Amino acid sequence: MNNFELYNPVNYVFGKGQIEKLKDLVPANTKIMIAYGGGSIFNNGVYDQVKAALSTQFEENNIVEFGGIEPNPRYETLMKAVEIIRTEKIGFVLAVGGGSVIDGVKFISAAVNYKGDAAEILRKRILFTDLSQVIPFGTVLTLPATGSEMNSGAVVTINATHEKLTLGGSALFPKFSVVDPTVIASLPKRQLQNGVVDAFTHTMEQYLTFKHDAILQDRIAEGILQTLVEIGPEVVENPTDYKLASNFVWSATMALNGLIQKGVPSDWATHMIGHELTALYEIDHARTLAIIGPNLYRVMFETKKEKLAQFGERVFHLTGDSEEEIAHKAIEKTVEFFHTMGMKTKLSENTEEYAKTADFIVNRFEERGWKALGEKQNITPEKVREIVEMSY
Ligand code: NZQ
Ligand code: ZN
């Protein structure tokens with residue numbers, strides 16, 4: 001097992017009715033901003049619950065609201081919130097929404113005190129480790145998928161240049177996250193499907209590499225994958241079933257709160273390529289992963305075949321005459337699972353203009369100096385091209 005440090009300071013508040021606890025979680029001695037997305041929180045009662053919880057501690061004039069954070073949050077929109085925080089002297093931000101709102105708030109938190117052009121935070125991948133430099137924030141999660149509620153990473157799009165870039169650092173963990181599984185009842189089927197596939201792929205990025213000595217991490221990852229395979233198709237049909245909802249939400253958090261990544265190699269190339277498909281064509285994040293993931297496993301088969309076979313045997317209970325046979329079956333079973341989850345696994349099924357996608361992505365990766373991705377740093381620009389072209 002590789003050496004590691006495990007640091008996760010998020011106060012994770014889970015369960016039915018927990019939004020009420022905001023009255024104790026949000027610091028009362030400061031002006032706060034409630035940040036949200038396109039308005040789903042007004043239709044599903046989450047906004048009312050948040051306001052009711054805060055009403056005992058806060059005067060109306062100590063709460064500023066900032067709405068309109070888009071799915072795949074835009075730098076340009078987030079900078080408007082940054083300006084408001086600076087002028088209104090806001091000391092705490094409450095993100096109420098899915099991964100996009102939470103990621104947006106992480107960027108806002110980092111940008112408020114940043115000296116210089118805030119786009120550098122994304123372009124230069126500035127790491128935020130000093131708590132005194134960021135604005136503290138908490139979250140109320142409404143969409144299980146990204147794990148953003150319990151990690152310190154974020155993804156933000158610069159609209160002007162169609163760049164989808166990451167930021168992060170140990171100062172960007174939420175102070176707390178309130179996670180009430182009943183809030184998923186109002187999610188459209190498409191978003192429920194996305195959540196399952198995103199969480200599944202997060203687990204795969206940290207698991208589907210090569211065989212190593214971290215037995216427990218493998219077993220935890222396989223437990224998350226099995227749970228998602230077992231409940232994924234059902235939770236999409238019955239999001240009001242608390243047993244399904246609670247297990248789904250917890251699986252999505254566990255898939256990307258840092259735990260399963262400790263002491264093991266990880267890949268993340270599916271995400272890096274997938275982000276470009278969202279930047280280019282606005283394809284939902286999870287759907288880009290379903291397009292790229294299986295083809296990455298095919299192209300990188302020699303590197304990944306031992307782990308693919310382990311995955312096939314332990315998660316899908318596949319059998320076969322050889323490791324290779326089970327590994328191939330495991331890829332096909334994954335595609336089948338993605339189809340069950342409503343994914344269209346070809347790029348051409350998601351967008352009509354795709355002919356120059358591989359050229360675009362390869363050029364962009366080369367410009368950024370990304371010449372060696374994956375757990376063995378052997379996903380070269382040529383391999384990226386092969387993966388993307390196979391995905392057409
Ligand atoms: O904006 P509103 O009106 O709230 O509607 C949202 C949005 O339209 C809606 N929604 C959310 N909760 C709802 C709801 N509708 C009804 N009922 C509810 N309870 O769902 C739509 C999608 O929301 P979004 O936040 O965009 O989805 P998701 O949570 O999947 O987040 C995707 C973003 O997270 C990034 C992705 O790249 C993408 O930008 N990721 C962040 C990661 C991280 N921070 O660690 C890792 C991931 O790999 C991912 O890259
Ligand atoms: Zn993801």
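This is a predicted model: local features need pLDDT of at least 70, side-chain atom pairs count only at pLDDT 80 or more; totals for chains, interfaces and linings use all residues.
Residues are numbered from 1 along each chain as written, and chains are lettered from A with ligands numbered from 1 in written order. Local features need pLDDT of at least 70, side-chain atom pairs count only at pLDDT 80 or more, totals for chains, interfaces and linings use all residues, and side-chain values use heavy atoms, leaving out hydrogens and water.

Trainee: Which residues are the protein donors of the zinc ion (ligand 2)?

Mentor: Donors are N, O and S atoms within 2.8 Å of the metal (3.2 Å for Na, K and Ca); water is not among the atoms, so sites may look incomplete. Here the donors lie 2.0 to 2.1 Å from the zinc ion. They are Asp 198 (OD), His 202 (NE2), His 271 (NE2) and His 285 (NE2).

Trainee: How many residues apart are Asp 198 and His 285?

Mentor: Helices are DSSP runs (H or I, at least four residues), numbered from the N terminus. Asp 198 sits in helix H7 (residues 189-207), His 285 in helix H11 (residues 285-299). The pair links distant parts of the chain, and its separation is 87 residues.

Trainee: Is Phe 4 buried, partly exposed or exposed?

Mentor: Buried means under 20% relative accessible area, exposed over 50%, partly exposed in between (1.4 Å probe, protein chains only). Phe 4 has 42% relative accessibility, so Phe 4 is partly exposed.

Trainee: Which residues does Arg 364 touch?

Mentor: Arg 364 is in helix H14 (residues 357-368). Arg 364 is buried, with a relative accessible area of 11%. Contact means heavy atoms within 4.5 Å. Not counting residues up to four places away in sequence, Arg 364 touches Thr 161, His 162, Glu 163 and Glu 276.

How values were computed:
Helices (H or I, at least four residues) and strands (E, at least two) are DSSP runs, numbered from the N terminus.
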